[in-house]
Amino acid sequence: MDEIVDTPSAILASAAMLLRQRTFDDISYADLAEIADVSERTIYRRFPTRSHLLEALGRWIEAEYFPVLDVRTPAEFREAVRARFRAYDAEPAFAFVAARGGALSPTADDPAAPITEAIVAMIEAAAPNLNRRDARRAAASVRYFVSPMFWARMRTGFDMSADETFGVFDLTLRRVLPAATEANRAA
């Protein structure tokens, strides 16, 4: 019986393999086709532009290399984020591609990233009385501060380590949740 091959995942795994040797900008569709053992046409059908490829690769890398644990409380969430920033430091080439892919305007109708769902669930558990608007605002703020884009900015702009970046995130989380709760009470 033939094994079912997930072609997009095989292409993205091949791209990740190439990232260990060169930058994303140095990976051609021809190189990718050779490594993935598919035609260039197949790659263009799945990822019509480099933006499509970069966005999909960023999501794939986040799912494969930087998974988010199932967390419910701010304390669990903090520890998961600390581990995530350390994982970014351990695989900076992957983290920078995830950051670049996450910075693009969406090119596909993919559902929300699992980390977004984890943040929304954590905020609902930590501040159940927040109205929908304030919960979304708090989730959006927290989502940015746990993103690879934030890590990349702190690393390149301020030469911060994972633990220093976590310190900035932790300070933000400690301010965003109470501020959102107070704004909700005042409304």
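## Terms and basis of the model

A residue is called buried when its relative accessible area is under 20%, exposed when that area is over 50%, and partly exposed in between, with a 1.4 Å probe and protein chains only. This is a predicted model, in which local features need pLDDT of at least 70 and side-chain atom pairs count only at pLDDT 80 or more, while totals for chains, interfaces and linings use all residues. Residues are numbered from 1 along each chain as its sequence is written, and side-chain values use heavy atoms, with hydrogens and water left out.

## Overall fold

The chain has 10 helices and zero strands, where helices (H or I, at least four residues) and strands (E, at least two) are DSSP runs numbered from the N terminus. Of the 187 residues in the chain, 40% are buried. Taking contact to mean heavy atoms within 4.5 Å, 74% of the contacts between residues at least 6 apart in sequence join residues at least 24 apart.

In soluble globular proteins, nonpolar side chains tend to be buried together. A nonpolar core is here a set of buried Ala, Val, Leu, Ile, Met, Phe, Trp, Tyr and Cys residues joined through side-chain atoms within 4.5 Å. The largest such core has 54 residues, and those with the most contacts inside it include Phe77, Phe85 and Phe169. Leaving aside neighbours within four places in sequence, Phe77 is in contact with Val71, Ile119, Met122, Val142, Val146, Phe169 and Leu173.

Helix H5, residues 74-90, reaches 24 Å from its first C-alpha to its last, close to the 24 Å expected at 1.5 Å a residue, the expected span being 1.5 Å times one less than the number of residues. The buried residues of H5 are Phe77, Arg78, Ala80, Val81, Arg84, Phe85 and Tyr88. These residues lie on the same side of H5 because they cover an arc of only 165 degrees around the axis, an arc taken from the directions from the helix axis to the C-beta atoms.

## Two loop residues with positive phi

Most residues other than glycine have a negative phi. Asp37, in the loop between helix H2 (29-36) and helix H3 (40-46), has a positive phi of about 60 degrees although it is not a glycine, and at 71% relative accessibility Asp37 counts as exposed.

Asp159, in the loop between helix H9 (148-158) and helix H10 (162-186), has a positive phi of about 55 degrees, and at 66% relative accessibility Asp159 counts as exposed.
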